[in-house]
Amino acid sequence: MSLENLGQIRHDWTLDEIRAIMDQPFNDLMFQAQSVHRQHFNPNEIQTSTLVNIKSGGCAEDCSYCSQSSRYDTGLEKEKMMAVQEVLDKAVAAKEKGATRLCMGAAWRNPNKKDFPTVLEMVKVVKGLGMETCLTLGMLDDEQVAMLKEAGLDYYNHNLDTSEAYYPKVITTRTFQDRLDTIDKVQKAGINVCSGGIIGMGEAHSDRAELLRTFANMRHHPDSVPVNLLVPIEGTPLAEMRGKTDSFEFIRVIATARILMPKSYVRLSAGRMELSDEAQALCFMAGANSIFYGDKLLTTENPESDHDAMLFSKLGINMQKLAKAHCDDHDHSHSAA
Ligand code: SAM
Ligand code: DTB
Ligand code: SF4
């Protein structure tokens, strides 16, 4: 396949094609990914999102990776929902550090009636600061999607996590199809979709290719694709996966996502504490152009923002500014040197 053809937006990828991309020699893969990246984005610019856990712990779902599932003894306390003012304070702090988007997460299977108006209020106050908003609240019904759209929500995060075949090995309280249904509703309502997965849960190489194929063959590619490296949590069934994932395998997934979804933001997400600065630089070379920025993810540690700022400075990477982040619907390319 020529490099020019590789930058085209397609929705008909076969598993063999994806495996051929992912399994080629590492240097060839990186070259292709970097070439595709430069067709649509400024290669030296990264978008930053800060996470806030607005409702921590006590979740009814049994996701085997999660510290917040009530099924496992992870030592995490169940907390009440955060007050709107506290979310606003965190948003102000994140904006001061340079984040363009606030991603608010809740440990829910789906939002309940009582708390939903507060969530809508959170979206409105964060938008009032001029920041982009993202929510991740579990499954949604049509009415909830419509209210989120009306409140001005920019992104909804809903991860598929792994392939359809491996999904029941990781989660039994909902199906892969349930996830697709919510993504479909969000997309149809005109809210940007953020959907990705987790690498390192014991899935096979082909499961990773299958997950990417599901995203790449969606009618509209997710606007943002978070690629998480499993953060192993003591007490969860996947705690024993610590140290089992080769970072080159992880980088290969990022590069393949970049090639399959040329215009999507690919986010180097959870797991950065386990990646050296050099491995993260390879992720950026592979086409990752977004990160979670701030000292904490939802319940676990993330690199200090000062460390990220230092790494960006060494690499000559600029953090995307708010005005640009709002130009999502346009071509992201700049006259790259
Ligand atoms: N409860 C909602 C849901 O599951 O959609 C929203 C919050 S949930 C914590 C959001 C996502 O975080 C999950 O879908 C998963 O991809 C990611 N995640 C959770 N725990 C993780 C871990 N230990 N390592 C890597 N990613 C994780
Ligand atoms: C995503 O893909 N990763 C984020 C966000 N979307 C919600 C969450 C990562 C969680 C990592 C484990 C934790 O901190 O609990
Ligand atoms: Fe609940 Fe989300 Fe954690 Fe699953 S990933 S247990 S749904 S908070």
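Where does ligand 1 sit? I am working from a predicted model, and in it I find ligand 1 in the largest cavity.

**Entry on the ligand.** I then looked up polar contacts to the protein backbone, and for Val231 I noted a polar backbone atom 2.9 Å from a nitrogen atom of ligand 1. For Trp108, a backbone N or O atom lies 3.1 Å from a nitrogen atom of the ligand, and for Ala106 the distance from a polar backbone atom to a ligand nitrogen is 3.2 Å. I also looked up how far the ligand is covered: taken alone, ligand 1 exposes 550 Å², and the protein buries 90% of that.

**Entry on Thr236.** I next located Thr236, which belongs to the loop between strand E7 (224–229) and helix H10 (247–260). Is Thr236 buried or exposed? I count Thr236 as buried, because its relative accessibility is 7% and the cut-off for buried is under 20%. Its side chain reaches the backbone oxygen of Ile233 at 2.6 Å. Leaving aside neighbours within four places in sequence, I found Thr236 in contact with Ser64, Tyr65, Cys66, Ser67, Tyr72 and Thr74.

How values were computed:
Residues are numbered from 1 along each chain as its sequence is written. Chains are lettered from A and ligands numbered from 1 in the order in which they are written. This is a predicted model: local features need pLDDT of at least 70, side-chain atom pairs count only at pLDDT 80 or more; totals for chains, interfaces and linings use all residues. Side-chain values use heavy atoms; hydrogens and water are left out. Helices (H or I, at least four residues) and strands (E, at least two) are DSSP runs, numbered from the N terminus. Buried means under 20% relative accessible area, exposed over 50%, partly exposed in between (1.4 Å probe, protein chains only). A polar contact is a pair of N or O atoms within 3.5 Å; within protein, one must be able to donate a hydrogen and the other to accept it, and residues adjacent in sequence count only if both atoms are side-chain atoms. Contact means heavy atoms within 4.5 Å. Accessible areas come from the Shrake-Rupley method with a 1.4 Å probe; for residues, only the protein chains shown count as cover. On a 1 Å grid over the protein atoms alone, a cavity is a set of points where a 1.4 Å probe fits but cannot get out, and a pocket is an open set with protein on both sides within 12 Å along at least five of seven lines; lining residues have an atom within 4 Å of a point. A molecule sits in a cavity or pocket if more than half of its atoms lie within 2 Å of its grid points.
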